[in-house]
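Reader: Hi! Could you walk me through this one with me? I'd like to chat about what holds it together and what surrounds the ligand.

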Amino acid sequence: MSRADAQDDRAGESALTAPDPGVVMDPGVVAGPGVVAGPSVVAGQGAVRSPSPLWSLGLFRSELLTTFRRWRTLALLAVLAAVPILVGIAVKIETGDGSSLGGGGGGAGGPAFISQISNNGLFLVFTALAATLPFFLPMAIGVVAGDAIAGESSAGTLRYLLVAPAGRSRLLLTKYATVITFCLAATLVVAVSALAVGALLFPVGDLITISGTRITYAEGLGRALLIALVVAASLVGIAALGLFVSTLTGSGIAAMATTVGLLITVQILDQIPQLDALQPYFFSHYWLSFADVMREPVYWDDLVKNLGLQALYAAVFGSAAWARFTTKDITA
Amino acid sequence: MAEASATEPKRPGREPDRGERADDAVIATRGLTKRYRGGQLAVDGLDLTVPAGSVFGFLGPNGSGKTTTIRMLMGLIEPTSGSARVLGRPMPRASRTVLPRVGALIEGPALYGFLSGRDNLLRYDAADPTADPRTRRERVAAALDRVGLAAAGGKKAKAYSLGMKQRLGLAAALLQPRRLLVLDEPTNGLDPQGMREIRTLVRELASDGTTVFLSSHLLDEIEQVCTHAAVMAQGRLITQGAVADLAAGARGRLVVTTPDAGEAARVLKEQGAADVVVDGERVTSEPPERDLAEVNAALVAARVRVRGFVLERASLEDAFVALTGEGFDVAG
Ligand SMILES: Nc1ncnc2c1ncn2[C@@H]1O[C@H](COP(=O)(O)OP(=O)(O)O)[C@@H](O)[C@H]1O
Ligand SMILES: [Mg+2]
């Protein structure tokens, strides 16, 4: 019980101890109701454990367990794991006669990697991440983030979490931490699936960077991990946006649809040349900069711009979500 | 009625300020008002005082503002005006210190259908910062046992019947020793056996010293378990007080059964009885001020053959009708 609360009490006291003139009732009814138990009962059960500082971790753990036991979450992860398998098999069939994949070079990152898969399975990791980052990954994040608050609200479980009392700010922070964890998990599912499929179907060994230099397989693995982390970080912005949308509505489905709709809209607007003044502020604008990790030396400019933009989105929409959620009437 | 008055003997001349003072009250509201965003005035200037240790019935037809009041007491929605104190502290400001000591069932249970009953309780307990994670499993098992779900604890909650869900919701309210239980229509959707069990549970909890705040639209439910009651209609508090006093506020009726109805009616009027109504062999009236033994003697002296001479006690429903001048129906 904090000092602040004790002060709260005193502040409100004077108003409440005054006799009640406004009650609409028979005065005979007011006098002498038989109180079954006196104030001693109140004093008797007063002791409450003070909150453990690690409690927030317990709530986070519960949140993770709840999120990852939803079949929807598992289905999303299964779809993400399937993408590298499909790409790997397609490339294997295409190059089954021993020739390497034709074309390549066009586009930002993706196709440049795909032509190298048959030489080195590790390139399937980069290809799969490039293939899922524009849509599959952010869509999965949009679903999980959009559902985070709105889903609990439509199920009615939100009111019970709040009277537990989880605390609105802590619950929101825990939800955001869980969505970020899901970003990481989703990216790693793609990367690990691609790594396994690549190693199974194709040769592995030293590899050539975009700049033409040769690095060892071990260093290549390090770069792959770094890319996975960058991709996961690229999703922080849409995660915050989704969480904000989630605080606006009482319907989980509506929040998910809105978030995914926003994602598609932004992706389309990012392709319209007339909007190039705005495009640097779209959360997806620098997404494919992760390919720069495969340069020698690593080209950091766009990577840093991407991370900065994601941090900006997290700050803006995180604050908006907080402002909304901490003042919202929970009536569902 | 008989049941409630037996457990609640009237004690005239008791310290009049005891239990009515705001600091002894478990719930005290002043001018509590809620207008929803749509403009609906759901609760209008509520001054409610719930004494410690009482089983408090919060009675009102559907739409009278019971759930809205409970939402404000639990800090789920912000009052439009007025204030509420729970366990002596202002809500919603002191949510973090008050709510761990309050168990609540609000507008029916809400569960994670894909989790087992036990996992639902583990999750709600993890949301309570004061709950000790080391004793969590035992407390969850004890709560399941208490509501008779020990055997069904491993079943997925979506496979529960409505009654089982209601019990699981109650179990969530009982995860910790509570000083106040707020139960919003806890017997909704239950069969008569389930209703009886809930009533027994409420009595048990009350005898442990827990204050129970029970909302209901069923008069007889309140009469059977509550020591105190408040009556709501269209967002306004009509009356509150001890159930025995409330019923006493509406005067009972004297019922004389006799084959000489006409003569009996004449004698009763002579004896000062008002509102004499003859209905076949049944003559009813408001009881006169004088000793009823005298009235009976006068009937016999006038050679009225008395078959039955009863003072029928007023029920809470009579009190309600007397107070509102209308029946206990949903407000149009
Ligand atoms: N979220 C809401 N938005 C607007 N009006 C509401 C909302 N919830 C309840 N109401 C209205 O407020 C009034 C009181 O409702 P409620 O408190 O649920 O009554 P009760 O619990 O006594 O049945 C009703 O007229 C209802 O239609
Ligand atoms: Mg209700």
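Author: Happy to! In this predicted model, the side chains of B:Asp125 and B:Arg139 form a salt bridge, with N and O 2.8 Å apart. B:Asp125 sits in helix 4 of chain B and B:Arg139 in helix 5 (residues 136–146), so the pair links distant parts of the chain, 14 residues apart.

Reader: Is B:Asp125 buried or exposed? And what about B:Arg139, buried or exposed?

Author: B:Asp125 counts as buried, at 1% relative accessibility. B:Arg139 is buried too, with a relative accessible area of 15%.

Reader: Nice. Which residue of chain B does A:Glu152 meet in a salt bridge?

Author: That's B:Arg123, at 3.0 Å from N to O. A:Glu152 lies in helix 8 of chain A and B:Arg123 in helix 4 (residues 117–126) of chain B, so this pair joins two chains. Both A:Glu152 and B:Arg123 are buried.

Reader: Which residues are in the network with those two?

Author: A:Glu63 and A:Lys175 are linked with A:Glu152 and B:Arg123 in a network of salt bridges. A:Lys175 pairs with A:Glu152, their closest N and O atoms being 2.8 Å apart.

Reader: Switching topic: where does ligand 1 lie?

Author: Ligand 1 lies between chains A and B. Helix 2 (residues 66–73) of chain B gives the most to its shell, with 4 residues.

Terms used. Residues numbered from 1 in each chain as written. Chains lettered and ligands numbered in written order. Predicted model: local features only at pLDDT ≥ 70, side-chain atom pairs only at ≥ 80, totals over all residues. Heavy atoms only, no water. Near = heavy atom within 4 Å. Salt bridge = Lys/Arg side-chain N within 4 Å of Asp/Glu carboxyl O. Buried < 20%, exposed > 50% of the residue type's maximum accessible area, 1.4 Å probe, protein only.
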